Amino acid sequence: MNIDSITNGVVIDHITAGSGMKLYDLLGLDKLDCSVAIIKNVHSNKMGKKDIIKIDADIPVDFDVIGFVDPGVTLDFIKDGVRVEKRTVDLPETLTNVIKCKNPRCITSTEQEINHIFKLTNKQQKIYRCVYCETKANI
């Protein structure tokens, strides 16, 4: 298989195998008018298998979504065919409008314009709770 290199854009690397499509959906990459490559189950010496997403456009990246789905991924920012920055992503402390509260009694169920905000309450177990009703997020 041959995947071309990108000139200007972002490479999301070291994604846990099988999580690439979830990232693709949550980041809304289907709405982009550029080349996006999702490479699944790539051999990795470090991880065994991994997924990679290549975006051939200079777009803003939502680090909170990426950290929520798979903390520890690396992002390579490419300009003129050269990597200009490499970043790792950790679990975000707060998530806003990434996931929705499932509690039917939560104020976010009746007030449509209120942001869905979740706070990280247990980093080891990756538990997020709604700031309004304390309902645990279904991840």
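At 54% relative accessibility, Asp 58 counts as exposed, because exposed means over 50%. The model behind this value is predicted. The side chain of Asp 58 meets that of Lys 79 in a salt bridge, with N and O 2.9 Å apart. Distant parts of the chain are linked by this pair. Lys 79 sits in strand β4 (residues 74-79). Asp 58 sits in the loop between β3 (48-55) and α2 (63-69). The two residues are 21 residues apart.

Lys 79 has a relative accessibility of 38%. Lys 79 is therefore partly exposed, since that class runs between 20% and 50%.

## Other charged pairs

The structure has six salt bridges. One of them joins Asp 90 to Lys 123, with the closest N and O atoms 3.1 Å apart. Asp 90 lies in the loop between β5 (82-88) and β6 (94-96). Lys 123 lies in the loop between β7 (117-122) and β8 (127-130), so the bridge ties together parts that are 33 residues apart in sequence. Asp 90 is partly exposed at 46% relative accessibility. Lys 123 is partly exposed too, with a relative accessible area of 40%.

Glu 85 and Arg 87 form another salt bridge. Their closest N and O atoms are 3.3 Å apart. Glu 85 counts as partly exposed at 36% relative accessibility. Arg 87 is partly exposed, with a relative accessibility of 36%. In general, side chains of opposite charge can pair when their charged atoms come close.

## The β6-β7-β8 sheet

Three strands form an open sheet in the order β6-β7-β8, and the pairing is antiparallel. The edges are β6 and β8, each of which pairs on one side only. From one strand to the next, the twist averages 30°. Strands of a sheet pair through backbone hydrogen bonds, either parallel or antiparallel.

Three bridges join β6 to β7. Thr 96 has Ile 117 in β7 as its bridge partner. Four bridges join β7 to β8. Here Lys 119 stands opposite Arg 129 in β8, and Asn 122 stands opposite Ile 127 in β8. β7 and β8 also form a hairpin, with four residues between them. Lys 126 lies in that turn and has a positive phi of about 55°.

## The β4-β5 hairpin

β4 and β5 run antiparallel and are joined by six bridges. Asp 76 stands opposite Lys 86 in β5. The two strands form a hairpin with two residues between them.

Asp 80 is in the turn, within the loop between β4 and β5. Phi of Asp 80 is near 50°, a positive value in a residue other than glycine. Most residues other than glycine have a negative phi. At 65% relative accessibility, Asp 80 counts as exposed.

Is His 14 buried or exposed? His 14 counts as buried, at 16% relative accessibility, because buried means under 20%.

Thr 108 has its place in helix α3 (residues 107-110). Thr 108 is buried, with a relative accessible area of 4%. Which residues does Thr 108 touch, not counting those up to four places away in sequence? They are Cys 101, Ile 114, Asn 115, His 116 and Tyr 132.

Tyr 132 also belongs to a nonpolar patch on the surface, together with Ile 107 and Val 131. The three have about 240 Å² of accessible area together. Val 131 is found in the segment after β8. At 36% relative accessibility, Val 131 counts as partly exposed.

Key
Residues numbered from 1 in each chain as written. Predicted model: local features only at pLDDT ≥ 70, side-chain atom pairs only at ≥ 80, totals over all residues. Heavy atoms only, no water. Salt bridge = Lys/Arg side-chain N within 4 Å of Asp/Glu carboxyl O. Buried < 20%, exposed > 50% of the residue type's maximum accessible area, 1.4 Å probe, protein only. Patch = residues over 30% accessible without salt bridge, like charges linked within 9 Å, V, L, I, M, F, W, Y side chains within 5 Å. Areas by Shrake-Rupley, 256 points an atom, 1.4 Å probe, with all protein chains shown as cover. Pairing = 2+ DSSP bridges. Contact = heavy atoms within 4.5 Å. Axes fitted to C-alpha atoms, helices over the stretch in contact; angles between N-to-C directions.
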